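Work through the exercises below with the sequence and the coordinates at hand. Each task is followed by a solution in steps.

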Amino acid sequence: DNSKNLILLGDSFLGVFGKSFVERNDLNITFIEYGQCPLLQDNFWFGAPECFEINKLRWIEIEKIKPTNILIGTNFIQFYQAKKSLENFKLGQKNIEEKVNKELVFSSFRRGIEKLISFGHNPIILLQPPSPTIDVAKVMRRKSFDLNFKEEYQAIPTIEIDNEVKNALKGLNVTFIDMNAKMCKGDKCLTFNENGGLFNNSSHLSYFGVQIFLDDIIKALK
């Protein structure tokens, strides 16, 4: 129809945005998500040993899609913990445990984004969310007896990781969604606002955390 098209591509750090986009009636949405598996070009894996096989399947599907908006999100912290994968991994096998230098992972990520751009896509990159120093979900449950929320700052910035991502993609025509810029004041970042807790399950954004960035993403769509 006349709605704008949007592909959500990435791991669980991107998946938390799904519900909020589905609630809208002005988008045609495609989900290409898989936990602990960012979009890369090379045979690397993280928490999911089958990640390289998943990315092979992803690229088959992406090559069929006409130029569109692609929102890319991942937990960039896992880039520091990458391992090499078997070229043809099968579930049930033990994958290789050889560690991969982070520079190779960031380079692989860049080449993936370059490939998307070569297909005519509009990549929008979610940068790293701040890192909470408390279990926000646990605190939220305790606060559920009193639903009067206010701003609280119990997270720390992840600007260094953001800078690594920006440097890796330097010169490419992408849009960055900077979470630290919107959630942090100096060295302290929001964990609660007037709506409630902004994180759920460690550094994953909650439903209310996602709301902070929806307008910025929508503005970046073509």
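The model is predicted: local features need pLDDT of at least 70, side-chain atom pairs count only at pLDDT 80 or more, and totals for chains, interfaces and linings use all residues. Residues are numbered from 1 along each chain as its sequence is written, and side-chain values use heavy atoms, with hydrogens and water left out.

**Exercise 1. Helix H6**

Task: Find the buried residues of helix H6 (residues 159–168), and state how they are arranged around the axis.

Solution. 
- Step 1. Helices (H or I, at least four residues) and strands (E, at least two) are DSSP runs, numbered from the N terminus. Buried means under 20% relative accessible area, exposed over 50%, and partly exposed in between, with a 1.4 Å probe and protein chains only.
- Step 2. In H6, the buried residues are Ile161, Asp162, Val165 and Ala168.
- Step 3. These residues lie on the same side of H6, because they cover an arc of only 125° around the axis. The arc is that of the directions from the helix axis to the C-beta atoms.
- Step 4. An α-helix has 3.6 residues a turn, so residues three or four places apart point the same way.
- Step 5. Glu160 and Asn167 are exposed, on the face of H6 turned away from the buried side.
- Step 6. The cover over the buried residues of H6 includes helix H4 (102–118), strand S6 (122–126), strand S9 (175–177) and helix H7 (179–183), where contact means heavy atoms within 4.5 Å.

**Exercise 2. Helix H5**

Task: Repeat the analysis for helix H5 (residues 136–143).

Solution. 
- Step 1. Val136, Ala137 and Val139 are buried in H5.
- Step 2. Seen down the axis, the buried residues of H5 fall within an arc of 160°, so they line one face of the helix.
- Step 3. Lys138, Arg141 and Arg142 are exposed on the other side of H5.
- Step 4. Strand S7 (131–132), strand S11 (188–193) and strand S12 (196–197) are what the buried residues of H5 pack against.

**Exercise 3. Disulfides**

Task: How many disulfides does the structure hold, and how are the bonded cysteines paired in sequence order?

Solution. 
- Step 1. A pair of cysteine sulfur atoms within 2.5 Å is taken as a disulfide; the structure holds two.
- Step 2. Cys37 and Cys51 have their sulfur atoms 2.2 Å apart, and their link is right-handed, with 90° about the S-S bond.
- Step 3. This pair links distant parts of the chain, 14 residues apart: Cys37 is in the loop between strand S2 (27–33) and strand S3 (44–45), and Cys51 is in helix H3 (residues 51–62).
- Step 4. Cys37 is buried at 0% relative accessibility, and Cys51 is buried with a relative accessible area of 0%.
- Step 5. Cys184 is joined to Cys189, S to S 2.0 Å, in a right-handed link with 95° about the S-S bond.
- Step 6. Cys184 is buried at 15% relative accessibility, and Cys189 is buried at 0%.
- Step 7. With the bonded cysteines numbered in sequence order, the pairing is 1-2, 3-4.

**Exercise 4. Pocket and cavity**

Task: Describe the lining of the largest pocket and of the largest cavity.

Solution. 
- Step 1. On a 1 Å grid over the protein atoms alone, a cavity is a set of points where a 1.4 Å probe fits but cannot get out, and a pocket is an open set with protein on both sides within 12 Å along at least five of seven lines; lining residues have an atom within 4 Å of a point. Grid points are joined across faces, edges and corners, and a volume is the space filled by probe spheres set on the points.
- Step 2. The largest pocket has a volume of about 200 Å³. Its lining has 15 residues, with Phe13, Gln36, Asn75, Gln78 and His204 nearest the centre of the pocket.
- Step 3. The largest cavity has a volume of about 30 Å³ and is lined by Phe13, Val16, Phe17, Pro129, Met179, His204 and Leu205.

**Exercise 5. Single residues**

Task: What is the phi of Gln36, and what is the phi of Asn201?

Solution. 
- Step 1. Most residues other than glycine have a negative phi.
- Step 2. Gln36 has a positive phi near 55°; Gln36 lies in the loop between S2 and S3 and is partly exposed at 44% relative accessibility.
- Step 3. Asn201 has a positive phi of about 65°. Asn201 is in the loop between S12 and helix H8 (207–220) and is exposed, with a relative accessible area of 54%.
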